[in-house]
Amino acid sequence: MTPPGQQGGLPLPLYEHVKQLILDGILVGTWPPGAVLPGEVALAAHFGVAVGTVRRALADLVSDGQLMRRRKTGTVVTGRVPMHNLRNFFQYFRLHGADGGLLHSETEVLALRREAPTLAEIALFPDADAGMLRLHRLRHVKGRPVMHEWMMLPAARLPDFPEVPPPLLYRFLVDRYGIRVSAVRESVTASLATEEDLTLLQLEGPAALLAIQETAYDQAGAPIIASQHRVVTEGLCYLNELR
């Protein structure tokens with residue numbers, strides 16, 4: 001494993017990288033709610049860092065509420081706390097169960113194309129003339145398709161973008177390009193499912209969906225992603241919580 005402090009050459013403290021790796025493990029279900037993390041020595045060996053670095057990362061995660069300490073048990077994933085505070089909001093899937101519990105999703109890439117920009121994209125992205133990357137993905141929760149999404153990104157800022165990008169796209173942008181999503185503007189409305197929605201989400205019409213239009217901005221305030229999400233509503237809630 002590459003030492004986390006070397007990922008992307010970013011000037012972040014090493015413990016912050018370890019925190020992100022642990023959060024990624026929680027997100028993808030490596031450590032689900034109730035799971036007990038390995039001990040500090042084992043985690044330090046796994047990440048290739050000092051025990052003190054792991055201890056600092058765990059202390060921050062306990063303070064944030066992602067983890068809790070239990071006597072005679074160890075460090076446990078809580079699964080109950082807000083996952084969308086300003087420190088980690090943009091790395092987490094915002095669909096939760098009807099009870100508010102965090103859900104883990106699997107991402108399937110349906111298509112990735114490079115195309116000429118639309119007039120709206122030219123107005124939004126200063127460098128859209130060089131072409132736009134259009135990424136179409138399908139999200140599954142426990143084998144059930146619950147969301148499909150189109151994500152449009154300016155190709156000029158993302159050279160050598162992979163044909164199959166990793167599921168944690170915002171984290172990938174930081175590691176590969178040094179682009180950190182620092183703000184998102186969303187418009188959420190109700191919508192009737194289209195034929196494409198019905199097919200991809202395995203629904204019978206007519207069906208109601210949540211339609212989310214989203215623009216993500218980088219650390220300099222420039223738009224980096226324009227997204228359209230189509231989300232099923234049965235048994236799910238959309239939780240957007242900032243502190």
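Trainee: Which residues in α2 are buried?

Mentor: Leu-43, Ala-44 and Phe-47 are buried in α2. Buried means under 20% relative accessible area, exposed over 50% and partly exposed in between, with a 1.4 Å probe and protein chains only. Seen down the axis of α2, the buried residues fall within an arc of 100°, so they line one face of the helix. The arc is that of the directions from the helix axis to the C-beta atoms.

Trainee: Which residues are exposed on the other side of α2?

Mentor: Val-41 and Ala-45 are exposed there.

Trainee: What should I keep in mind about the source of these values?

Mentor: The model is predicted: local features need pLDDT of at least 70, side-chain atom pairs count only at pLDDT 80 or more, and totals for chains, interfaces and linings use all residues. Residues are numbered from 1 along each chain as its sequence is written, and side-chain values use heavy atoms, with hydrogens and water left out.

Trainee: At roughly what angle do the axes of α2 and α3 cross?

Mentor: The axes of α2 (residues 40-47) and α3 (residues 51-64) cross at roughly 110° and come within 8 Å. Axes are lines fitted to C-alpha atoms, for helices over the stretch in contact, and angles run from 0 to 180 degrees between N-to-C directions. The two helices are therefore roughly perpendicular to each other, a label for angles of 65 to 115 degrees. Helices here are DSSP runs of H or I with at least four residues, and strands are runs of E with at least two, numbered from the N terminus.

Trainee: Which residues meet in α2 and α3?

Mentor: Glu-40, Val-41, Leu-43 and Ala-44 of α2 meet Val-51, Val-54, Arg-55 and Leu-58 of α3, where contact means heavy atoms within 4.5 Å.

Trainee: Now the sheet. What is the order of its strands?

Mentor: The order is β4-β5-β6-β9-β8-β7, in an open sheet of six strands with antiparallel pairing. Two strands pair if DSSP finds at least two bridges between them. The edge strands, each pairing on one side only, are β4 (106-115) and β7 (183-192).

Trainee: Over how many bridges do β8 and β9 pair?

Mentor: Strands β8 (residues 208-217) and β9 (residues 223-232) pair over nine bridges in the antiparallel sense. Pro-223 in β9 is the bridge partner of Tyr-217.

Trainee: Which strands does α5 lie across?

Mentor: Helix α5 (residues 169-177) lies across β5 (132-141), β6 (144-154), β7, β8 and β9, and runs at about 160° to β9.

Note on methods. Parallel < 35°, antiparallel > 145°, perpendicular 65-115°, else oblique.
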